[in-house]
Amino acid sequence: MNISESNYTQQIKTADELKTAVSDAVDTQSVTDIHTHLFSPPFGELLLWGIDELLTYHYLIAEVFRKSDVSYQQFWAMSKAKQAELIWQTLFIENSPVSEACRGVVTTLDALGLDVSSRNLRDYRDYFTDTTVDAFIDVVFECAKVSKVVMTNDPFDSAEAPVWESGDTGDTRFEAALRMDVLINTYEEIGYEHLRGLGYDVDPSLSTKKTYKEVRRFLETWIQRMNPKYMAVSLPPDFQYPDEGVLGRLFDNCILPISREFNVPFALMIGVKRAVNPQLQMAGDGSGKADLTSLETLLRENPDNKFLVTLLSRENQHELCVIGRKFKNLMIFGCWWFMNNPSVIEEITRERIELLGLSVIPQHSDARILDQLVYKWKHSRQIIADVLVEKYQTLLDVGWTLTSTEVERDVSNLFGGNFDRFLNGD
Ligand code: FIX
Ligand code: ZN
């Protein structure tokens, strides 16, 4: 069969054929999940999995206080098992689990082959007791069709340190990302002391050439140790660039030069207001709209740097797409955290494809618990498929020809190709 014949046979003609071609491509294409909080097995207890972890996800903790009379003090004094039982009883039995975070647990249990109609927490616990973490990783990666996950690795975290020192992070499906929140957001409070403790000759105000050199040495060491896909930071909505303070000096003198030199992109996750309600602990962070002029300046003044960007405010998403049209050194990724809900994912995905075509990374999972890869990807794949069908249909309506191979190519780029090209290109 020659090329034109093979294209002809794959040509999509009807709306039904289109739906089938898109859902086949979207459901079978394995994905690189570019931002998670998962860890490979050698990191031990940092890798969270199982029903009690799923139920005590911080998204569900925020929700349980809205429906239960439990006080913050009482909740935090409970064991994890008791917290899970309270959340199960409150959000799944006494109320219907329709929020995205609740629905995610139900989708996951069902996809793992458990009987969700039984609502029997004991059976679900038994399932996890009967498996090992290594076996479960294979089950989840297969079920979620995930080929690689990028972890979030904090060079200041003593719990991670022994694994990095050992030089063996085990399962190669888990890749590293060098997270720099402590360095950038808390240099004066924590980062400085920590660096000194590790033998780096840095000054508290981060303002000397010697300090810049030392911070660069620190970053180089960790890049060599972790081989990260990117360096990353989460930033508040009022983040400013250019900046006279620690952040600006770190960006200009340390991070941006190293990011260029080692061809390791810098990921900015902008819009988080940490500890809006500290009583909720990790569940207490909020979001705010950012002024994206700073991002524009950063992209314009550093054209040889690559930036991966995701934003936490819905109000910023359209503006981000417009910026994406102006700067090829920007790769927009994922629907982060409060954006990771079906209605918002649909809106953002449509907006991105309309303004940027297929040159984005539509989603990441942000999974903190291994099992969550199952639902986060299942839910997102469905929405991405629906948006693609809508867009391809408008082309077919006016006589454009499309083959299933072309659909597969497009989906493969969205689910990993665009990320690889961004990392490896000039
Ligand atoms: O900063 C981040 O990477 C956030 O994704 C997390 O801090 C957040 O707690 C989270 O889990 C969001 O999904
Ligand atoms: Zn995250």
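Modeller: Two strands pair if DSSP finds at least two bridges between them, where strands (E, at least two residues) and helices (H or I, at least four) are DSSP runs numbered from the N terminus. The model is predicted, so local features need pLDDT of at least 70 and side-chain atom pairs count only at pLDDT 80 or more, while totals for chains, interfaces and linings use all residues. Residues are numbered from 1 along each chain as its sequence is written, chains are lettered from A and ligands numbered from 1 in the order in which they are written, and side-chain values use heavy atoms, with hydrogens and water left out.

The strand to begin with is E5, residues 231–235: five of its five residues are buried (under 20% relative accessible area, with exposed being over 50% and partly exposed in between, for a 1.4 Å probe and protein chains only), so E5 is largely enclosed by the rest of the structure. Met231, Val233 and Leu235 point one way from the strand, whereas Ala232 and Ser234 point the other way, and all are buried.

E5 pairs in the parallel sense with strand E4 (residues 178–179) over two bridges, and Arg179 stands opposite Ala232 in E5. With strand E6 (residues 266–270), E5 also runs parallel, and here five bridges join the two; the bridge partner of Met231 in E6 is Phe266.

Elsewhere, an open sheet of three strands has the order E1-E2-E3, with parallel pairing. Strand E1 (31–33) and strand E3 (174–175) stand at its edges, each with a single partner strand, so one side of each is left without a neighbour in the sheet. Strand E2 (residues 146–150) is joined to E3 by two bridges, and Val149 stands opposite Phe174 in E3. Helix H9 (residues 133–144) packs on this sheet and touches E2 and E3 (contact being heavy atoms within 4.5 Å). The direction of H9 makes about 110 degrees with that of E2, the axes being lines fitted to C-alpha atoms, for helices over the stretch in contact, and angles running from 0 to 180 degrees between N-to-C directions. Helix H18 (residues 372–397) lies across E1 and E2, at about 120 degrees to E1.

As for charged contacts, the structure holds 21 salt bridges, each a side-chain nitrogen of Lys or Arg within 4 Å of a carboxyl oxygen of Asp or Glu. One of them joins Arg314 and Glu347, at 2.7 Å from N to O. Arg314 lies in the loop between strand E9 (307–311) and helix H16 (317–326), and Glu347 in helix H17 (residues 342–356), so the pair ties together parts that are 33 residues apart in sequence. Arg314 is partly exposed at 44% relative accessibility, as is Glu347 at 28%. Also in H17, the side chains of Arg350 and Glu346 meet at 3.0 Å, N to O, and being four residues apart they are separated by about one helical turn. Arg350, at 23%, is partly exposed, and Glu346, at 34%, is partly exposed too.
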